[in-house]
Amino acid sequence: MSATAVRGVGAFKVYLEMIKVEHSIFALPFALIGMMWGTRSISDSAWPGWRIFCLIVVAMVSCRSAAMAFNRIADRDIDAINPRTKTRAIPAGLLQLRQVNLFFYGSCLIFFGACAMLNPLALALSPVALGMTHFYSLTKRFTPLCHFVLGLSLGIAPSAAWIASTGKLALPIIPITLAVIFWTAGFDIIYALQDDDFDREHRLRSLPQTLGRPKALMVSRVCHIFAIQFLITGGLMVHAGLAWFIGVLFACGLLLYEQSLVKPDDLSKVNIAFFTLNGFVSLGLFGFALADQILRS
């Protein structure tokens with residue numbers, strides 16, 4: 001199918017698939033938690049105002065959009081030969097490389113503009129944040145620890161939102177960043193189970209490719225244990241209320257269920273584990289964090 005065949009609503013859907021909008025859904029709630037906790041640390045309220053809120057959302061979505069566009073550009077040759085990914089926008093001809101490049105540079109400009117409108121530290125660190133989200137796309141070529149780089153690229157969201165709302169970085173938000181790193185690495189290892197044979201054949205790196213499925217799943221489970229521990233630690237450091245810790249218990253239950261869905265010899269429920277449950281984890285935690293702030297008002 002040629003790129004010109006996709007127009008209107010169809011083209012919009014292609015762009016949403018290309019940037020994996022669910023990745024923003026995974027990370028944005030944690031950014032909003034960082035925003036609320038940061039604002040609470042410098043005022044009597046967790047609400048920074050509509051201006052800061054909108055700029056954080058714009059920065060977050062544009063950064064993730066740029067990162068996913070870069071991933072599609074960098075991986076277009078790999079995607080074209082992988083049966084699971086050959087229907088993606090560039091290898092399938094739904095979008096031309098020129099279109100994706102324009103989308104990428106446009107997203108970068110929007111991100112830098114939003115950071116510039118937030119505060120000097122946000123602008124100064126914006127190239128670091130953007131570079132980290134792009135670096136992940138290259139790591140599968142040389143390290144099986146690529147899952148943790150992806151974790152870091154999402155994990156900076158709560159710290160970045162803290163900086164956006166306060167103009168500085170503080171220790172209490174670091175455990176939430178670590179929690180997101182380990183949570184993301186855990187579910188990305190599960191997702192990578194689908195490609196372990198392909199990765200071995202084409203000399204790409206992942207923990208399933210390096211360790212095998214059973215050991216990789218064990219690492220995933222350990223990552224999720226660490227994630228829960230850091231969520232608890234973060235709540236204690238910001239003096240969160242009972243609602244937050246109920247939310248952590250809720251997340252723990254979902255992660256236990258997620259891990260139960262996937263077995264080394266049965267990957268039929270990987271998409272449920274990856275997309276559905278992780279969306280519930282992030283949105284659910286945000287809901288409990290918001291309830292905690294409302295109860296403290």
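**Figure 1. The salt bridge between arginine 296 and aspartate 292 in helix 13**. In this predicted model, the side chains of arginine 296 and aspartate 292 meet in a salt bridge with an N to O distance of 3.9 Å, where a salt bridge is a side-chain nitrogen of Lys or Arg within 4 Å of a carboxyl oxygen of Asp or Glu. Both residues belong to helix 13 (residues 270–296), in which they stand four residues apart, about one turn of the helix; helices (H or I, at least four residues) and strands (E, at least two) are DSSP runs, numbered from the N terminus. Arginine 296 is partly exposed, with a relative accessible area of 33%, whereas aspartate 292 is buried, at 3%. Here buried means under 20% relative accessible area, exposed over 50% and partly exposed in between, with a 1.4 Å probe and protein chains only. Residues are numbered from 1 along each chain as its sequence is written, side-chain values use heavy atoms, and hydrogens and water are left out. Because the model is predicted, local features need pLDDT of at least 70 and side-chain atom pairs count only at pLDDT 80 or more, while totals for chains, interfaces and linings use all residues.

**Figure 2. The salt bridge between aspartate 75 and lysine 140**. The side chains of aspartate 75 and lysine 140 form a salt bridge, with 2.9 Å from N to O. Aspartate 75 lies in the loop between helix 3 (50–74) and helix 4 (76–81), and lysine 140 in the loop between helix 6 (120–139) and helix 7 (146–166), so the pair ties together parts that are 65 residues apart in sequence. Both aspartate 75 and lysine 140 are buried.

**Figure 3. The salt bridge between arginine 213 and aspartate 196**. The closest N and O atoms of arginine 213 and aspartate 196 are 2.9 Å apart in this salt bridge. Since arginine 213 lies in helix 11 (residues 213–237) and aspartate 196 in helix 9 (residues 196–201), the pair ties together parts that are 17 residues apart in sequence. Aspartate 196 is buried, with a relative accessible area of 4%, whereas arginine 213, at 22%, counts as partly exposed. The count for the model comes to eight salt bridges.

**Figure 4. The packing of helix 7 against helix 8**. Helix 7 and helix 8 (residues 174–192) pack at an angle of about 145 degrees, with their axes 7 Å apart; axes are lines fitted to C-alpha atoms, for helices over the stretch in contact, and angles run from 0 to 180 degrees between N-to-C directions. Residues of helix 7 including His147, Phe148, Leu150 and Gly151 meet a set of residues in helix 8, among them Ile174, Ile176, Thr177 and Val180, contact being defined as heavy atoms within 4.5 Å. By class, this contact of helix 7 with helix 8 has 15 nonpolar, six polar and one charged residues, where Ala, Val, Leu, Ile, Met, Phe, Trp, Tyr, Cys and Pro count as nonpolar, Asp, Glu, Lys and Arg as charged, and the others, Gly among them, as polar.

**Figure 5. The aromatic pair of tryptophan 183 and phenylalanine 187 in helix 8**. The ring centres of tryptophan 183 and phenylalanine 187 are 5.1 Å apart and the ring planes stand at 75 degrees, so the pair is edge-to-face. Rings of Phe, Tyr and Trp (its six-membered ring) pair if their centres lie within 6.5 Å, and planes under 30 degrees apart count as stacked, over 60 as edge-to-face and the rest as tilted. The two residues are four residues apart in helix 8, a separation of about one helical turn. Tryptophan 183 is buried at 3% relative accessibility, and phenylalanine 187 is buried at 2%. Elsewhere, ring pairs link Phe148, Phe182, Phe226 and Phe230 into a cluster.

**Figure 6. Serine 126 and the residues in contact with it**. Serine 126 is found in helix 6 and, at 2% relative accessibility, counts as buried. Leaving out residues up to four places away in sequence, serine 126 touches Phe111, Phe112 and Cys115. Phenylalanine 111 is buried, at 5% relative accessibility, while phenylalanine 112, at 29%, is partly exposed.

Figure 7. Isoleucine 52 counts as buried, at 15% relative accessibility. Apart from its neighbours within four places in sequence, isoleucine 52 is in contact with Leu118, Ala164 and Ser165. Isoleucine 52 and alanine 161 are 109 residues apart in sequence and 9.5 Å apart in space, C-alpha to C-alpha.
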